[in-house]
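Dear colleague,

Please look at it first and then read on.

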Amino acid sequence: MDGPSEPEISSRPKPGNLIIDAMNDILLEIKGLRASVEDKEILKGIDLTIRKGEIHAIMGPNGAGKSTLSAVLAGREQFTVTDGSVTFLGQDLLAMSPEERSWAGVFLSFQYPVEIPGVSITNFMKTAVNSHRKAKGLEELKAGDFLKLMREKMAFVKMKPEFSKREVNVGFSGGEKKRNEIFQMAMLDPVLSILDETDSGLDVDALRIVAGGVNSLHTPDKAAIVITHYQRLLDYIVPDIVHVLKDGRIVKTAGRELVAQIEDKGYDSL
Amino acid sequence: MCNISKKSEERLTALRDDAVAIGRGESMRRTVIISPDSGTGDTLPACFALGADSRLDIVLAVMPGAGCDISLAVILEGEGAEANISGLYICPGEERVNISVELFHKVPHCVSRQLFKGIAGGSSKIGFFGKIIVAQDAQKTEAYQENHNILLSETAIVNTKPQLEIYADDVKCSHGATIGKLNEEEQFYMRSRGISMEDAKALQMISFLSPVASAIADVQEREALLDAIEAAVRRL
């Protein structure tokens, strides 16, 4: 190519958007979020801002509210939001249904992926992908194009092609379930991925595959929230910012050096 | 004669008189669709008697807006006979569906499988009565019966009554009946992937009912029923 190459800007705005403004980099903004389940308050005022290109880790002891936060962001109805706001790409996320959040670009990788007997992965993903396309005003993918896309993304997380015929998560091992989550993430190409305890139930090989998948899906336009109890996953998916959630509040935010400190001294030291 | 209760013996004798006999080594397949603009199930004989090594396959489908009151009996009276009886019903409104199936295992080495699945919404009322009778002589019998139901509304009623009457001691028999709702965990999982609530429910209902339609051997007939099921559940 002729001429000088343009400098790389990690958080380059989309073409047509000429004003570079820090506000435009914000993907997700959580302010004073409180949520309860059956009158028990779990989240007691969460503030969190996530910008394009960032990987945030949320760590914390069991029962701190980590999974509740991910469930509230994905729109699980068991939790009642009692206060605060969540803005995703300028939209009120809390006003959206779970499927609308998915269409807008939010993806939750489940800690315990759900088994759906009788529904094949192909049928499940075809319905999901075409729902996304419909929401964007696009036509359904042709069967051949869909299968090609699916084969490509399955290979990406080292899922055998025969899994396409399997019922969703039925009889899958822990590692297979998590790889299936990352496969779905690759298919749906979300802007914000929330990985809820993706490392639980994984051996080291599966962990490498899953983390490798997450890393290669990450681009300067996207962001991820990695929720984990342990350091292990964060050796593979390296966070930019680390938060510690304790008793429904973020009690500490720092750089990735915080991970080692927690591993060394535990959560009680914070 | 074949050692069953006096009551069942009398019932068997009465049924046998009018039974359609399937001879040694023969097979019969019947698919009966009951819908407001097709059959009512009247064409289905009330009783079949199966000879040695014969086979009977019946698939019954009761579509929305149709009601039925079907009593079906199968007598396995020749060794090596096999009966597969399955059915589905989709009742979103005020349908009345009654299905009664009696399976008589008179002789050894016969197999019977029953699978009935249905969806009850609106103020529909479903009754399922299934009885398996295994005579003392009918050793090595395999007899299975399942009836599973999904309730879509508070006002729909399902009454399921599985019964086993077994006099032989070397048999494999089981029955199971369930009445439940569509699984909300599955729905949330699907919605979190962008599948609308409507599509999620349709997928659940199709996957629930399709094992019954899959029992149809004829590809065209099977595909037609699967299409009809999909169209029906999408209107619920």
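What follows is an account of what was found, beginning with chain B and ending with the contact between the chains.

Please keep in mind throughout that this is a predicted model. Chain B is built from four helices and 12 strands, and because its radius of gyration of 18 Å is close to the 18 Å that the globule rule gives for 236 residues, chain B is as compact as a globular protein of that length. Taken along the principal axes, the C-alpha atoms of chain B fill a box of roughly 60 × 35 × 30 Å, and 42% of the 236 residues of this chain count as buried. When contacts in chain B between residues at least 6 apart in sequence are considered, 81% of them join residues at least 24 apart.

The largest nonpolar core holds 138 residues, and those that touch the most other members are A:Ile194, A:Val226, B:Leu50, B:Val62, B:Val74, B:Ile75 and B:Leu76. Helix H3 of chain B (residues 197–213) gives this core its largest share, eight residues. Beyond its neighbours within four places in sequence, B:Ile75 is in contact with several residues, including B:Leu12, B:Leu15, B:Ala19, B:Leu50 and B:Phe104.

Between the chains, 15 residues of chain B are in contact with 20 residues of chain A. On the side of chain B that touches chain A, helix H2 (184–191) and helix H3 each supply at least two residues, and by class this side has five nonpolar, five polar and five charged residues.

With best wishes

How values were computed. Residues numbered from 1 in each chain as written. Chains lettered and ligands numbered in written order. Predicted model: local features only at pLDDT ≥ 70, side-chain atom pairs only at ≥ 80, totals over all residues. Core = buried A, V, L, I, M, F, W, Y, C linked by C-beta atoms within 7 Å. Buried ≥ 20, exposed ≤ 12 C-beta atoms within 10 Å, placed from the backbone. Contact = placed C-beta atoms within 7 Å. Nonpolar A, V, L, I, M, F, W, Y, C, P; charged D, E, K, R; others polar. Rg over C-alpha atoms; globule rule 2.2 N^0.38 Å.
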